[in-house]
Amino acid sequence: MVPLSYYLIVSAVLFALGAAGVFLRRNLITILLSIEIMLNAVNLTFVAFGRFAGDVDGQIITFFVMTVAAAEAAVGLALVIALFRHRESLNPDAFTNLKW
Amino acid sequence: MPETLVFYAFSALAVVASACVIGQRNPMYSVLLLVLSFAAIAGLFIQLDAPFLALALMIVYAGAIMVLFLFVVMLLNAPQEDALIWDRTHPLRHPVITRVGTLLAVVLIVELAYALMRGNDLAQGVGSRAGRETVSSVRELGRVLFTDYMFAFEATSVLILVAMVGAVLMARREGEQS
């Protein structure tokens, strides 16, 4: 039987990779993808703890996280499209002004 | 033992694919590698007795959301060679900031490792306390979702409606009358 801490280590590594992606990459789409990696790392933690505690609450929370992630992806991609129309660029440094 | 081997295989696949998502300059390959990472995580979900979530992850996430990402990548068709210049002109590329950041990252890793080594419960098998049939049944999941979490479920439907309206409104061309 695989210990709980192994799952936690895997999800910590995945979360760190996602955070590193948000900080290191300069492409709006890759940043959104890194956020998805982080959300999935947290999902893995929830499911592992839910299995450990022996009830379905961990799975239910993961279900809600997936729904919110779908909404976030739709709104985030709409924002990316709107920003690209303004500046013809996906570099976040091009969008440092609040108003133009 | 085969259980542990499968766990190692899936987690290695998930970590390597996620690292490639970040290391990749071409967003198209990034999206496809993220699908691979999701497939590996779905395998881990099945090992954790959550087959419904594994299927939802593959169908909703890999099937719908990632296709949405692919559509946007192909629609925008941004030139890739810009990314190299962007990485060179990164605002965080500064010797002092880099050193402080590395130090903080090492502290975080040591702290996490210490916390994970210390807990007594964490060394137990992940399913050692659980009754097998209660966790894995989809019927139980649906019952709890539609009784205890009824309000959250309904609130989620409102959230999706708002997100849909917001996405349509923001992606619309400016000055276009509807």
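Which pattern does chain B follow, read along the sequence? Chain B runs α-α-α-α-α-α-α-α, with eight helices and zero strands. Helices here (H or I, at least four residues) and strands (E, at least two) are DSSP runs, numbered from the N terminus.

Some housekeeping. This is a predicted model, in which local features need pLDDT of at least 70 and side-chain atom pairs count only at pLDDT 80 or more, while totals for chains, interfaces and linings use all residues. Residues are numbered from 1 along each chain as its sequence is written, and chains are lettered from A and ligands numbered from 1 in the order in which they are written.

Chain A next. Chain A has three helices and zero strands, in the order α-α-α from the N terminus on. Its radius of gyration is 17 Å, well over the 13 Å that the globule rule gives for 100 residues, so chain A is more spread out than a compact globule. That radius is taken over C-alpha atoms, and the rule is 2.2 Å times the number of residues to the power 0.38. Along the principal axes, the C-alpha atoms of chain A fill a box of roughly 55 × 25 × 15 Å.

On confidence: pLDDT is the predictor's confidence in each residue, from 0 to 100. Chain A averages 88, and 98% of the residues score at least 70. Within chain A, helix 1 has the lowest mean, 88, and helix 2 the highest, 92.

Now burial. A residue is buried if 20 or more other C-beta atoms lie within 10 Å of its own, exposed if 12 or fewer, and partly exposed in between, with C-beta atoms placed from the backbone. In chain A, 47% of the 100 residues count as buried; in chain B, buried residues make up 22% of the 178.

How do the chains meet? The contact takes 58 residues from chain A and 69 residues from chain B. Two residues are in contact if their C-beta atoms, placed from the backbone, lie within 7 Å. On the chain A side, the elements giving two or more residues are helix 1 (4-24), helix 2 (28-53) and helix 3 (57-87). Helix 3 of chain A gives the most, with 20 residues. The chain A side divides into 42 nonpolar, eleven polar and five charged residues. Ala, Val, Leu, Ile, Met, Phe, Trp, Tyr, Cys and Pro count as nonpolar, Asp, Glu, Lys and Arg as charged, and the others, Gly among them, as polar.

On to the core. A nonpolar core is a set of buried Ala, Val, Leu, Ile, Met, Phe, Trp, Tyr and Cys residues joined through C-beta atoms within 7 Å. The largest one has 56 residues, and those with the most contacts inside it are A:I29, A:A48, B:I41 and B:F45. Elements of both chains give two or more residues to this core, including helix 3 of chain A and helix 8 (150-171) of chain B. Helix 2 of chain A supplies the largest share, eleven residues. Leaving aside neighbours within four places in sequence, B:F45 is in contact with A:V47, B:A50, B:L53, B:A54 and B:L57.

Two residues of chain B to finish. B:D49 is found in the loop between helix 2 (27-47) and helix 3 (51-76) of chain B. Its phi is near 60°, a positive value in a residue other than glycine. Is B:D49 buried or exposed? B:D49 is buried, because 22 other C-beta atoms lie within 10 Å. B:L116, in helix 5 (residues 95-118) of chain B, counts as partly exposed, with 17 C-beta neighbours inside 10 Å.
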